[in-house]
Amino acid sequence: MTIEFDQTAKFAEYADPSVLVSTAWLANNLNREGLVVVESDEDVLLYEIGHIPGAVKVDWHTELNDTVLRDYVSDEEFAALMSRKGISRDTTVVVYGDKSNWWAAYAMWVFKLFGHPDVRLLDGGREAWIAEGRELTREATQVTPAEYPVVKRDDSTLRAFRDDVLAHFGNPLIDVRSTEEYTGERTHMPAYPDEGALRGGHIPSAKSVPWARAAGENGVFKSRAELEEIYLDEAGLKAGDNVIAYCRIGERSSHTWFVLNYLLGFENVRNYDGSWTEWGSLVGVPIVKGIEPGLAPAAK
Amino acid sequence: MQSVDEIVEDFNAVGVNDRLTLLLEYSEALPELPARYKDHPDLLERVEECQSPIFLFVEVDDAKLVHLFFTAPAESPTTRGFASILHSALDGHSVEEVLAVDDDFPSRIGLSAAVSPLRMRGMRGMLARIKRQVTEKSA
């Protein structure tokens with residue numbers, strides 16, 4: 001049975017209010033049967049120093065990624081992961097994390113590749129929960145393994161590969177990295193030196209909208225009007241657009257995927273998780289340096 | 001006083017999950033800054049290789065022994081853990097001993113399976129900056 005949605009007034013203005021919960025809603029629903037809270041962080045030890053009571057940890061690096069393929073876990077491994085975390089197919093999953101839900105949105109996106117029906121983000125994530133002085137615990141969560149079916153991952157709807165990007169030219173691309181990465185001054189995010197690429201710059205015609213602009217104080221999402229100003233007025237997206245977002249390895253852009261898809265209602269948004277680490281080193285593809293988006297080459 | 005080799009041994013003696021627990025213990029054991037740095041954050045050097053705001057300062061005393069001071073936010077336990085490991089491994093050792101530490105020491109503590117490569121790079125960045133400051137201050 002689906003757990004009722006959070007009726008917080010702010011959410012009602014978003015295209016799909018059912019994918020967000022407030023800290024107050026979560027605090028009131030923590031022990032609900034059929035609800036599993038998942039913490040997914042950039043810092044792998046944050047969960048250990050205190051998490052929302054009853055939450056389980058999902059680590060992107062060791063649990064969502066395949067260990068040898070540059071890809072996500074297999075269908076079987078995802079089912080096993082869900083089972084270990086006490087999640088069944090009809091479980092309502094609420095994800096939260098550090099850094100304005102950056103990795104939480106990434107985890108959600110991967111859950112959605114496997115079509116998990118009910119995944120919601122905690123608006124503001126870990127930061128908002130802590131800012132409000134809400135309870136954290138170090139107590140290990142006891143999980144009763146659940147039954148989870150092996151579901152075939154759908155890479156065609158929410159995910160773009162490099163050939164999809166080559167075929168996409170002429171349609172909007174959003175680059176969510178820092179301005180320095182976009183212009184090509186640096187090939188990696190400030191202070192993340194190990195995930196660079198051979199060349200610096202951006203995919204031709206991509207507009208620069210750093211991902212974190214979608215969140216405001218305490219990591220909560222900005223209002224719909226504020227988001228429209230950024231993505232529609234500034235970046236020029238129009239209703240019905242087919243959009244691909246990318247960053248460096250696909251995590252920051254899953255945050256933008258969430259915003260465009262669920263908060264602003266773009267129905268055709270894909271995350272190019274190969275992102276700049278792939279494109280910036282790929283033989284035979286064009287790049288653009290500098291602050292101008294540049295012209296889109298002919299689509300292939 | 002611990003040595004680099006002892007720390008490497010401790011980490012490698014346990015499984016990956018316990019290594020994370022060990023890292024957490026280190027994180028919680030990072031000494032507080034003394035007042036002379038707490039009140040003068042401008043004296044500290046920011047470690048740009050780290051994603052979290054981490055700062056460090058190195059002193060070399062008259063006996064040519066190295067003393068390390070770090071600051072890292074509580075919400076960055078991984079980074080704090082790395083700083084604390086370096087503190088345990090290097091603080092109180094001689095200039096020669098610190099400069100002789102293998103630059104790849106961070107890769108030897110067996111955390112690469114649990115922590116992404118970029119994090120390990122942050123720790124290597126800290127070590128490089130420590131060595132550079134030690135060289136400058138012992139010249």
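Two strands are said to pair if DSSP finds at least two bridges between them. Helices (H or I, at least four residues) and strands (E, at least two) are DSSP runs, numbered from the N terminus. This is a predicted model, in which local features need pLDDT of at least 70 and side-chain atom pairs count only at pLDDT 80 or more, while totals for chains, interfaces and linings use all residues. Residues are numbered from 1 along each chain as its sequence is written, chains are lettered from A and ligands numbered from 1 in the order in which they are written, and side-chain values use heavy atoms, with hydrogens and water left out.

**Stop 1: chain A as a whole**

Select chain A, which has 11 helices and 10 strands. Its radius of gyration (taken over C-alpha atoms) is 19 Å, close to the 19 Å that the globule rule (2.2 Å times the number of residues to the power 0.38) gives for 300 residues, so chain A is as compact as a globular protein of that length. The C-alpha trace of chain A spans about 55 × 40 × 35 Å along its principal axes. Of the 300 residues in chain A, 59% are buried; buried means under 20% relative accessible area, exposed over 50%, and partly exposed in between (1.4 Å probe, protein chains only).

**Stop 2: the open sheet**

Select the 5 strands of the open sheet in chain A, whose order is β1-β5-β4-β2-β3, with parallel pairing. Strands β1 (20-21) and β3 (56-57) of chain A stand at the edges with a single partner strand each, so one side of each is left without a neighbour in the sheet.

Next, select β2(A). Which residues stand opposite A:Glu39 in β4(A) and β3(A)? In β4(A) it is A:Tyr96, and in β3(A) the bridge partner of A:Glu39 is A:Lys57. β2(A) pairs with β4(A) in the parallel sense over 5 bridges, and 2 bridges join β2(A) to β3(A), also parallel.

**Stop 3**

A:Val93 stands opposite A:Val119 in β5(A).

In the loop between β4 and α5 of chain A, select A:Asn101. Its phi is near 70 degrees, a positive value in a residue other than glycine, and A:Asn101 is buried, with a relative accessible area of 0%.

**Stop 4: the nonpolar core**

A nonpolar core is a set of buried Ala, Val, Leu, Ile, Met, Phe, Trp, Tyr and Cys residues joined through side-chain atoms within 4.5 Å. Select A:Leu121, A:Tyr231 and A:Phe258, the residues with the most contacts inside the largest core, which has 59 residues. α5(A) gives the most to this core, with 11 residues. Not counting residues up to four places away in sequence, A:Leu121 touches several residues, including A:Val95, A:Asn101, A:Met108 and A:Phe258.

How values were computed:
Contact = heavy atoms within 4.5 Å.
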